[in-house]
Amino acid sequence: MPELPEVEALAHHLREHAVGLRVHRVDVASLQVLKTVAPPWTDLRGREVTGAARFGKHLDLDCGGLHLVVHLARAGWLRWLTTLAVAPPKPGRGPLALRVHLGPPGEGPGFDLTEAGTRKGLAAWVVRDPAEVPSIARLGPDALSVTRAQLEDLLAGRTERLKTALTDQTLLAGIGNAYSDEVMHVARLSPYATAGRLPEEALDRLHEAVTTVLTDAVTRSVGQSAATLKGEKRSGLRVHGRTGLPCPVCGDAVREVSFADKAFQYCATCQTGGRPLADRRLSRLLK
């Protein structure tokens with residue numbers, strides 16, 4: 001899933017390449033991706049792109065006061081192309097959900113919004129104010145700018161596991177499954193730690209890890225083309241997606257806890273005092 005660093009890089013790419021261009025046409029290949037009906041997407045036509053921004057994991061394209069807001073969900077992506085096909089795409093075929101022409105079709109650049117797989121979550125809104133998007137209105141403070149004091153206040157009294165708290169967008173915006181694993185590894189904290197019971201020194205480490213992990217990832221990502229961002233993300237990860245490989249800090253094998261539709265990775269030596277965390281799915285398989 002694209003998270004804060006990748007979406008920030010995509011926003012930067014659009015500011016560099018799309019601002020100043022005009023929307024000539026919008027092709028909708030999947031109506032289910034559109035979550036608003038008024039204003040209609042056709043109102044984007046003829047408008048100049050005046051900015052691009054990020055709200056948590058949402059990408060915002062400002063078209064002269066009318067905003068195309070996108071959430072890429074788990075398997076969505078933005079593909080920037082120097083030229084786009086003249087013929088509109090046929091609905092319901094392939095991963096293409098929405099296409100934006102920023103020049104005459106067949107002549108100018110633009111981008112495709114695509115989504116792999118059969119589980120569809122990619123969403124797009126056309127609004128006059130990004131705050132009209134319900135999931136943006138509910139966002140907590142941005143993870144890239146949260147202060148140590150804010151983080152302490154946010155976690156105070158929370159009874160869920162730290163992993164759950166860090167990925168709750170209403171609590172802290174921008175961190176998903178991958179970067180929460182990275183943050184907890186750098187902070188040397190267990191994913192199963194109770195979020196509201198971290199001692200002061202652990203909160204210090206957590207805030208520093210949130211700041212450094214995300215800042216480093218944004219630095220690596222910004223300036224990359226949209227086509228290379230996914231590879232850049234994978235190359236910078238220390239534990240996430242590296243089950244069985246050696247931890248880059250201590251050399252212990254990275255472990256995994258699996259759920260029905262996702263998994264997270266951690267280092268037992270660095271994060272849990274050497275104790276493996278319970279993996280209910282594995283436990284059921286061993287019975």
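**View A. Phenylalanine 264 is buried, with a relative accessible area of 2%.** Buried here is under 20% relative accessible area, exposed is over 50% and partly exposed is in between, using a 1.4 Å probe and protein chains only. This is a predicted model, where local features need pLDDT of at least 70 and side-chain atom pairs count only at pLDDT 80 or more, while totals for chains, interfaces and linings use all residues. Residues are numbered from 1 along each chain as its sequence is written, and side-chain values use heavy atoms, leaving out hydrogens and water.

**View B. Tyr192, Phe259, Phe264 and Tyr266 make up one aromatic cluster.** Rings of Phe, Tyr and Trp (its six-membered ring) pair if their centres lie within 6.5 Å; planes under 30 degrees apart are stacked, over 60 edge-to-face, and the rest tilted. That rule gives 3 aromatic pairs. Helices (H or I, at least four residues) and strands (E, at least two) are DSSP runs, numbered from the N terminus. Phenylalanine 259 and phenylalanine 264 form a tilted pair: 6.0 Å between centres, 35 degrees between planes. Phenylalanine 259 is partly exposed, at 35% relative accessible area.

**View C. Arginine 161 puts its charged end over the ring of tyrosine 192, 3.7 Å from the ring's centre.** To count, NZ of Lys or CZ of Arg must be within 6 Å of the ring centre and within 35 degrees of the ring normal.

**View D. Helix 3 (residues 148-155) has Arg148, Leu151 and Leu155 as its buried residues.** Seen down the helix 3 axis, they fall within an arc of 60 degrees, so they line one face of the helix; the arc is taken from the directions from the axis to the C-beta atoms. They pack against helix 4 (162-166) and helix 6 (200-221). After helix 3 comes glycine 157, with a positive phi near 80 degrees.

**View E. The largest nonpolar core has 33 residues, and Leu68, Leu98 and Phe111 have the most contacts inside it.** A nonpolar core is a set of buried Ala, Val, Leu, Ile, Met, Phe, Trp, Tyr and Cys residues joined through side-chain atoms within 4.5 Å. Helix 1 gives the most to this core, with 5 residues. Apart from this core lies another, of 29 residues, including Val146 and Met184.

Key: Contact means heavy atoms within 4.5 Å.
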